[in-house]
Amino acid sequence: MNKLSLAELASITSGTLYGDADVIVSAVAPMQKAQEGDVTFLSDAKYAKYLPECKASVVMVKENQRELCQSNVLVVEDPYVAFARVVQALDSTPLPADKIEASAVIASDAKLGTGVCIGANAVIETGVELGDNVIIGAGCFIGKRAKIGANTKLWANVSIYHDVILGSECLIQSNAVIGSDGFGYANDKGEWIKIPQLGSVKIGNRVEIGACTSIDRGALEDTVIEDNVIIDNQLQIAHNVHIGYGSAMAGGTIVAGSTKIGKYCMIGGASVLNGHIEITDGVTITGMGMVMRSIDQKGVYSSGIPLQPNKEWRKTAARVYRIDDMNKKLKLIEKQLESRADTLK
């Protein structure tokens with residue numbers, strides 16, 4: 001368990017401490033459950049009611065909330081960002097591997113940087129290059145000529161196909177598959193003819209990819225994930241997709257082939273994006289969004305029918321099925337009104 005003094009916390013968060021700098025903390029906890037030795041934070045005003053009774057050793061708040069606190073206070077610009085940095089500092093998650101295990105299969109010509117660790121039964125094929133301090137978890141497969149940048153970590157059973165390039169300081173969760181074939185076929189009189197996928201996948205620096213996510217290699221050119229992108233669990237990213245800097249994608253999302261997503265976009269969970277479209281920078285798509293056409297204006301976009309009680313939903317569905325008939329009747333009424341207006345002129 002990691003421990004930090006409040007003085008160290010102030011340095012990590014670039015905050016201003018009001019209280020005892022020598023107090024030691026070892027965990028982060030919700031405000032209403034925090035005890036001595038815990039750090040807590042206030043990022044939502046509705047939880048301010050818990051401040052007077054809070055037992056945490058230190059509370060991280062904005063300047064305008066400092067007077068509400070009864071204990072040590074760390075004033076920060078953004079309490080939620082400060083929380084993230086403190087959790088990183090206190091994190092005691094074990095590494096995916098801490099040495100090169102004897103059961104790992106490593107090609108004789110593979111290039112390993114200093115401090116590389118490779119877990120049990122991992123396979124590193126010919127031509128692979130691993131940068132300094134790369135950690136490969138147990139059972140991973142790194143295909144021919146793949147390159148992985150310094151300080152990148154792969155948890156167990158990740159598959160990196162041939163010629164994939166993965167940047168530095170990335171984190172790939174278990175069972176992710178990067179570089180599998182894109183879904184490319186031609187149909188010859190009812191028979192499917194596979195189109196070999198000749199491109200690869202290029203992933204930038206500081207990218208995180210969740211468990212069981214699949215990222216397909218390009219058909220002719222590469223699938224590209226730029227720096228500082230975060231991708232949740234169980235996504236399908238098809239061939240030749242391009243995801244811009246700093247974008248975030250939540251679980252269960254499906255992106256069809258050759259779609260381009262701009263910088264700083266946020267895609268809600270279970271969304272579906274059509275192929276061969278472009279999403280401009282700074283777009284937010286809320287959960288279960290169905291994106292059928294390109295978006296060229298920054299903003300928040302939504303689709304789908306929110307949850308309703310079943311009886312109300314049945315009525316809504318019935319009305320939707322009658323929209324075409326209702327539209328025809330409306331047009332007929334409009335024509336009748338226009339005809340009557342012409343008669344009265």
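In which helix is Arg 319 placed? Arg 319 lies in helix H3, and this briefing describes a predicted model.

**Surface patches**

- A patch of positive charge on the surface gathers Lys 311, Lys 315, Arg 319, Arg 322 and Lys 329.
- Helix H3, which covers residues 310-321, supplies the largest share of this positive patch, with 3 residues.
- Ile 305, Trp 313, Val 320 and Ile 323 make a nonpolar surface patch of about 390 Å².
- Val 320 is also found in helix H3, and its relative accessible area of 44% makes Val 320 partly exposed.

**Aromatic pairs**

- The count of aromatic pairs comes to 7.
- One of them joins Phe 41 and Tyr 80 in a tilted arrangement, with 6.1 Å from centre to centre and 55 degrees between the planes.
- This pair links distant parts of the chain, as Phe 41 belongs to strand S5 (residues 38-41) and Tyr 80 to helix H2 (residues 79-90), 39 residues apart.
- Phe 41 counts as buried because its relative accessibility is 18%, and buried means under 20%.
- Another pair, Tyr 185 and Trp 192, is edge-to-face, with 6.4 Å from centre to centre and 75 degrees between the planes.
- Tyr 185 is partly exposed at 37% relative accessible area, whereas Trp 192 counts as exposed at 61%.
- Phe 41, Tyr 80 and Phe 83 together form one aromatic cluster.

**Salt bridges**

- Side chains of opposite charge can pair when their charged atoms come close.
- The whole structure contains 7 salt bridges.
- Glu 63 and Arg 66 form one of these, and their closest N and O atoms are 3.3 Å apart.
- Glu 63 is partly exposed at 44% relative accessibility, and Arg 66 is partly exposed at 22%.
- A network of salt bridges links Glu 63, Arg 66 and Glu 67.
- In a salt bridge between Lys 144 and Glu 125, the closest N and O atoms are 3.4 Å apart.
- That pair links distant parts of the chain: Lys 144 sits in the loop between strands S14 and S15, and Glu 125 in the loop between strands S11 and S12, 19 residues apart.
- Arg 145 and Asp 163 meet through their side chains in a salt bridge of 2.8 Å, N to O.
- Arg 145 is in the loop between S14 and S15, while Asp 163 is in the loop between strands S17 and S18, 18 residues apart.

Technical notes. Residues numbered from 1 in each chain as written. Predicted model: local features only at pLDDT ≥ 70, side-chain atom pairs only at ≥ 80, totals over all residues. Heavy atoms only, no water. Patch = residues over 30% accessible without salt bridge, like charges linked within 9 Å, V, L, I, M, F, W, Y side chains within 5 Å. Areas by Shrake-Rupley, 256 points an atom, 1.4 Å probe, with all protein chains shown as cover. Salt bridge = Lys/Arg side-chain N within 4 Å of Asp/Glu carboxyl O. Lys, Arg positive; Asp, Glu negative; His and termini not counted. Charge placed at Lys NZ, Arg CZ, Asp CG, Glu CD. Helix = DSSP H or I, 4+ residues; strand = E, 2+ residues; numbered from the N terminus. Phe/Tyr/Trp six-rings, centres within 6.5 Å; stacked < 30°, edge-to-face > 60°. Buried < 20%, exposed > 50% of the residue type's maximum accessible area, 1.4 Å probe, protein only.
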